Amino acid sequence: MNKDCFYCTKNEQLEQLMINIKSMKTSTLYLLRDQTHVGRCVLSLDSHKTELFQLTEEEKIMFMEDVSRASEMIYTAFYPDKINYAIYGDVVSHLHYHLVPKYTGGVDWGEAFDNSPDHKTFLSNDEYRKIMEKILKKA
C-alpha cells in the first residue's frame with residue numbers, strides 16, 4: 001500500500017473521480033464519473049504495483065482474467081463496436097486499465113480516447129446506478 005496513492009487509500013479524491021462497482025480476483029472495477037464514453041470504467045490492481053512486470057506470473061494471469069471479465073461485462077451491457085484498453089500511470093502511478101467502450105462514428109472513434117476531454121459528461125446518482133446495474137447484470 002502506498003499512502004500517497006488514491007487507489008490504495010480509497011480516499012475522497014478517488015470517490016470524486018469514480019464509483020466502486022465490484023471487487024474481482026486481484027482488482028477492483030470502478031465506473032468513471034465522467035461518462036463521455038458511456039460505460040467507461042477503470043480496473044485497478046488491489047496491490048500497489050506500477051508496472052506489469054512487477055506482478056508474479058500468477059498475479060498477471062489473474063489480473064488479465066479480471067481485465068477480460070470486466071471488459072466482457074461492459075461489452076454485454078452496452079455492445080460497443082470496440083473497447084479501448086489503456087494503461088498510463090504518468091500522473092497516477094498505480095497499475096490500472098482504462099476500459100473505454102467506443103462506437104463507430106461516436107466520440108473519439110478512429111483515434112485514442114481523450115482521457116481529459118474539454119467537456120465532460122457527468123450524470124445523476126440514479127443514472128450512475130443504472131449503468132452499474134447493467135454492468136453487474138453481466139457479472
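Biologist: Why is Asn20 called partly exposed?

Modeller: In this predicted model, Asn20 has a relative accessible area of 43%. Buried means under 20% and exposed means over 50%, so Asn20 falls in between and counts as partly exposed. Asn20 is found in strand β1.

Biologist: What does Asn20 touch?

Modeller: Not counting residues up to four places away in sequence, Asn20 touches Thr28, Leu29, Tyr30 and Met132. The side chain of Asn20 also reaches the backbone nitrogen of Lys22, at 3.2 Å.

Biologist: What makes β1 and β2 a pair?

Modeller: Two strands pair if there are at least two bridges between them. β1 and β2 have five bridges, in the antiparallel sense, so they meet that condition. Met18 stands opposite Leu32 in β2. The two strands form a hairpin with three residues between them.

Biologist: Which residue of that loop can be described, and is it buried or exposed?

Modeller: Thr26 has its place in the loop between β1 (18-23) and β2 (27-32). Its relative accessibility is 11%; the limit for buried is under 20%, so Thr26 counts as buried. Beyond its neighbours within four places in sequence, Thr26 is in contact with Ser44, Leu45, Asp46, Met62, Phe63 and Asp66.

Biologist: How do you know that β2 is largely enclosed by the rest of the structure?

Modeller: Six of the six residues of β2 are buried, so the strand is largely enclosed. In a regular strand the side chains alternate between the two faces of the sheet. In β2, Ser27, Leu29 and Leu31 are buried on one side, and Thr28, Tyr30 and Leu32 are buried on the other. Both faces of β2 are therefore covered.

Biologist: What is the strand order of the sheet?

Modeller: The order is β1-β2-β3-β5-β4, in an open sheet of five strands with antiparallel pairing. The edge strands are β1 and β4 (82-86), each of which pairs on one side only. Direction ignored, neighbouring strands are turned by 25° against each other on average.

Biologist: Why is Ser44 called buried?

Modeller: Ser44 has a relative accessible area of 2%, against a limit of under 20%, so Ser44 is buried. Its place is in strand β3 (residues 41-45). Leaving aside neighbours within four places in sequence, Ser44 is in contact with residues including Tyr7, Tyr30 and His94.

Biologist: What makes the approach of Ser44 and His94 a polar contact?

Modeller: A distance of 3.4 Å joins their side chains in a polar contact, and the cut-off is within 3.5 Å.

Biologist: Why is the pair of Phe63 and Tyr97 called tilted?

Modeller: The structure holds five aromatic pairs. One of them is Phe6 and Tyr7, which is tilted at 4.8 Å centre to centre and 40° between the planes. For Phe63 and Tyr97, the ring centres are 5.8 Å apart and the planes stand at 45°.

Biologist: What does the pair of Phe63 and Tyr97 tie together?

Modeller: Phe63 lies in helix α3 (residues 57-78) and Tyr97 in strand β5 (residues 96-102), so the pair ties together parts that are 34 residues apart in sequence. Phe63 counts as buried at 0% relative accessibility, as does Tyr97 at 10%.

Biologist: What places Arg33 over the face of Tyr128?

Modeller: Arg33 is at 5.8 Å from the ring centre of Tyr128 and lies over its face; the distance limit is within 6 Å.

Methods:
Residues are numbered from 1 along each chain as its sequence is written. This is a predicted model: local features need pLDDT of at least 70, side-chain atom pairs count only at pLDDT 80 or more; totals for chains, interfaces and linings use all residues. Side-chain values use heavy atoms; hydrogens and water are left out. Helices (H or I, at least four residues) and strands (E, at least two) are DSSP runs, numbered from the N terminus. Buried means under 20% relative accessible area, exposed over 50%, partly exposed in between (1.4 Å probe, protein chains only). A polar contact is a pair of N or O atoms within 3.5 Å; within protein, one must be able to donate a hydrogen and the other to accept it, and residues adjacent in sequence count only if both atoms are side-chain atoms. Contact means heavy atoms within 4.5 Å. Rings of Phe, Tyr and Trp (its six-membered ring) pair if their centres lie within 6.5 Å; planes under 30 degrees apart count as stacked, over 60 as edge-to-face and the rest as tilted. A charge sits over a ring if NZ of Lys or CZ of Arg is within 6 Å of the ring centre and within 35 degrees of the ring normal. Axes are lines fitted to C-alpha atoms, for helices over the stretch in contact, and angles run from 0 to 180 degrees between N-to-C directions.
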